[in-house]
Amino acid sequence: MSESYDYLFKFLVIGSAGTGKSCLLHQFIESKFKEDSSHTIGVEFGSKVVPVSGKQVKLQIWDTAGQERFKSVTRSYYRGAAGALLVYDVTRRDSFNALANWLADARSLASPNIVVLLVGNKSDLESQREVTFLEASRFAQENELMFLETSAKSGQNVVEAFSKCAKAIVTKIESGELDPDRIGSGIQYGNLKPTRNSASAATGRSCPCKV
Amino acid sequence: MAGLFDYSKEAVRVKAKKCDGDAEPEWRKFSVDPQITTYEVLRSILAKAFELRRDFSVSYRVIDDLGQETFLPLLSDWDLDAAFLGACDPCLNLLIDVTGAEEAWEPEEPPVSVIKSLKPLLRLGKPKAAQLQGLFKSQMERTLGMVQRALKPEEAPDYDPEPPEEAPVDDVCFRSFLDPLGTLEEPRAMRAAVFASGVEPSLRKVVWKHLLNVYPEGLKGKERIEYMRQRQQQYNALKDEWMKQAETPELMAITTMVRKDVLRTDRHLVFYAGNDDNKNVAALFNVLTTYAVNHPSVSYCQGMSDLASPLLVTMQDEPTAYVCFCALMRRLHNNFSFDGAAMGLKFQHLSIALRHYDPDFYLYLQQQQAGDLLFCYRWLLLELKREFAFEDALRMLEVLWASLEPDWPPPDGLQLQEAALRPSTAPSRHTAYTRLCALRRQRGLPSNKSLDELGQRAQLTTGRRPFLSLDDSDLAAVVECTSPRKVVRNLKEFQALAPTVVEPKNAKDEIFVWENPLPPSPAQQAVEDGPWWGDQVRHAFCWEG
């Protein structure tokens with residue numbers, strides 16, 4: 001059975017090495033914490049269909065390697081991404097300090113309209129925290145990012161992070177701010193083929209039994 | 001054991017001492033016939049003599065040229081021969097150490113746990129070993145079959161992956177490539193045999209050093225032992241140096257990166273399992289940190305821990321693993337360079353090969369926006385190590401290494417640190433860090449200058465993107481000028497092709513395509529010369545923070 005969806009979004013997960021990017025992806029897709037997770041070399045992929053504002057959205061997620069050395073290649077992954085989770089580790093200040101660089105890369109190399117959600121991961125390790133919620137919120141506000149703290153270990157806020165980012169993209173499509181037809185938008189139509197002004201179409205399609 | 005050596009004695013007296021933690025050492029004496037005693041036999045004699053039910057390591061005593069007493073690890077028939085030959089009169093002194101082995105070996109354990117640890121392999125009796133071989137041979141065949149089907153659906157619909165005709169290279173087979181003094185006389189024949197059927201796991205410690213080009217050409221057996229001993233000592237000195245030095249920001253940057261990765265490298269293996277203070281995890285950390293400190297232009301990069309881990313698991317000895325790692329990195333260090341040029345070239349070759357062998361699949365990937373093949377990055381960087389179960393990966397790696405021409409280090413031996421760091425004639429009091437600073441000054445590169453900045457500056461002046469484009473447009477010209485190619489499917493084809501092989505510049509390790517000699521087109525030359533900004537950043541290095 002092939003899966004049905006209205007949109008497909010290309011998503012990136014970026015951030016310094018060891019911040020838990022792969023574990024976030026694994027938790028999102030498998031709803032489990034991955035023990036003995038290996039560090040990512042190059043890029044790994046995952047995908048999942050999530051319901052967002054009455055639409056089925058397939059997220060094609062590119063989980064990238066965090067180490068600086070891979071940037072000559074990871075930069076090519078950015079092209080045509082619609083959304084990104086920018087991840088730091090709340091227990092490691094250096095991963096927070098590196099955010100500005102990551103963000104600059106995302107904005108210059110992906111679509112300029114890329115929707116970025118800041119993720120402070122490992123929130124379960126409260127006693128080792130080095131970056132406060134307040135400080136990160138301020139950074140998010142200054143850079144016009146959405147922000148959540150997550151724990152890939154407990155699963156807290158993980159689905160929310162992906163959904164929230166996807167929802168922001170859907171909203172932008174519906175308001176006309178994002179044009180899925182533009183090349184490099186990182187958005188494709190799925191087999192359910194919504195139109196841009198699709199609120200009524202979606203209602204009609206989703207409840208055929210009530211007709 | 002019966003081999004190439006003419007032993008003068010019919011029997012060798014053996015005096016064995018067993019050390020087990022804090023327990024009182026125990027002694028046993030017996031005699032063995034060197035003509036018929038193999039490594040396996042000796043181990044079973046020792047196990048019986050001391051009633052050992054746990055794993056143990058054996059080393060033998062030698063007196064070196066300076067009259068110093070040392071114990072060398074006894075790990076194979078080859079070592080045993082050396083032990084018999086060099087046995088200090090009046091008897092061969094063995095040291096049995098059971099302290100190093102935490103996990104008890106349960107003989108009844110089914111062989112399914114083979115992936116968990118290498119150690120059981122060394123101890124299994126013949127029937128089980130055969131079972132195991134069958135297990136991963138069939139796994140390998142299945143994987144190979146799948147790859148074949150994926151790559152060649154049209155040309156070879158009825159192609160049956162040939163099962164290896166011969167058993168893996170074992171001790172007897174390996175000896176046939178040595179002369180009476182233990183010199184490797186036929187390195188290419190040895191590689192061909194390994195290429196055909198791999199190496200018996202217990203012999204990997206010996207054969208891998210040859211495959212990895214650890215030894216200079218033409219060393220005799222005894223010279224190899226001395227050569228390794230010197231390098232092991234050199235490693236210990238290099239390691240002590242950074243361990244003693246104050247924690248500089250540079251050293252901390254390295255250790256932080258390395259620690260992060262060794263804690264998540266192959267931890268599912270019993271060898272690395274358990275707490276983070278596992279001594280083998282610490283050994284892997286030491287190997288990688290020593291390499292990074294002593295190779296500042298390469299430093300540490302993710303992926304290296306995956307390359308070093310099988311070496312440590314196989315060699316079971318930290319200094320030896322370091323020496324092997326240096327030998328491996330001599331071939332692979334370019335893959336980790338900041339400019340990504342060597343990896344870019346690999347992608348080019350892969351793309352060309354795919355387009356040639358399977359245009360339909362190539363087109364499909366293009367349509368799916370996957371034509372850049374970036375999903376293969378890990379395959380190429382780690383030489384497929386992570387794409388197989390660990391035990392299978394060991395076989396795959398040795399076969400891959402065997403497919404390459406020998407590339408001996410120079411006669412003065414394999415270097416364990418970068419040329420610029422080697423002590424000059426005048427003794428210097430520099431530490432690794434001060435040498436590093438000096439090296440940076442030499443290269444005129446401020447330490448805080450990142451690759452990004454260099455790239456951005458270059459971009460401003462030329463208007464081109466500072467990252468490798470793997471787009472099809474760049475490849476098209478290259479593809480057009482390529483000559484017919486052939487995939488090496490078996491040893492005969494390998495041998496038939498070998499004389500015409502032209503190794504791509506910068507990519508001695510290319511394994512996908514053997515090219516027929518052809519003058520490169522301008523486009524191809526450009527590709528092989530690396531990207532346009534290559535010269536600017538080729539010597540750049542900075543520490544990741």
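Mentor: Start with one pair in this predicted model. Glu149(A) forms a salt bridge with Arg129(A), with 2.8 Å between the closest N and O atoms.

Trainee: Where in the chain do Glu149(A) and Arg129(A) sit?

Mentor: Glu149(A) is in strand β6 (residues 146-149) of chain A. Arg129(A) is in the loop between β5 (115-121) and α5 (133-142) of chain A.

Trainee: Is Glu149(A) buried or exposed?

Mentor: Read the relative accessible area. Buried means under 20%. Glu149(A) has 11%, so Glu149(A) is buried. Arg129(A) has 23%, so Arg129(A) counts as partly exposed.

Trainee: How do I read the pair Lys172(A) and Glu177(A)?

Mentor: Take the distance, then the accessibility. Their side chains meet in a salt bridge at 3.7 Å, N to O. Lys172(A) is partly exposed, at 22%. Glu177(A) is exposed, because its relative accessible area is 53% and exposed means over 50%.

Trainee: Which residues are linked in a network of salt bridges?

Mentor: Arg204(B), Glu391(B), Arg395(B) and Glu398(B) are linked in one. Over all chains, the structure holds 29 salt bridges.

Trainee: How many disulfides are there over all chains?

Mentor: The count needs a cut-off: two cysteine sulfur atoms within 2.5 Å. By this rule the count is zero. Cysteines can still be read by accessibility. Cys19(B), at 23%, counts as partly exposed. Cys376(B), at 2%, counts as buried.

Trainee: What shows where empty space is left?

Mentor: Rolling a probe the size of a water molecule over the atoms does. Here, the structure holds 12 cavities of 30 Å³ or more.

Trainee: What lines the largest cavity?

Mentor: Its lining has 20 residues. Pro73(B), Asp79(B), Lys209(B), Ile225(B) and Met228(B) lie nearest its centre. The elements giving two or more residues are β4 (69-73), α2 (77-85), α7 (204-211) and α8 (221-244) of chain B. The most come from α8(B), with six residues.

Trainee: How do the lining residues divide by type?

Mentor: The lining of the largest cavity has 10 nonpolar, four polar and six charged residues.

Terms used. Residues are numbered from 1 along each chain as its sequence is written. Chains are lettered from A and ligands numbered from 1 in the order in which they are written. This is a predicted model: local features need pLDDT of at least 70, side-chain atom pairs count only at pLDDT 80 or more; totals for chains, interfaces and linings use all residues. Side-chain values use heavy atoms; hydrogens and water are left out. On a 1 Å grid over the protein atoms alone, a cavity is a set of points where a 1.4 Å probe fits but cannot get out, and a pocket is an open set with protein on both sides within 12 Å along at least five of seven lines; lining residues have an atom within 4 Å of a point. Grid points are joined across faces, edges and corners, and a volume is the space filled by probe spheres set on the points. Helices (H or I, at least four residues) and strands (E, at least two) are DSSP runs, numbered from the N terminus. Ala, Val, Leu, Ile, Met, Phe, Trp, Tyr, Cys and Pro count as nonpolar, Asp, Glu, Lys and Arg as charged, and the others, Gly among them, as polar. Buried means under 20% relative accessible area, exposed over 50%, partly exposed in between (1.4 Å probe, protein chains only). A salt bridge is a side-chain nitrogen of Lys or Arg within 4 Å of a carboxyl oxygen of Asp or Glu.
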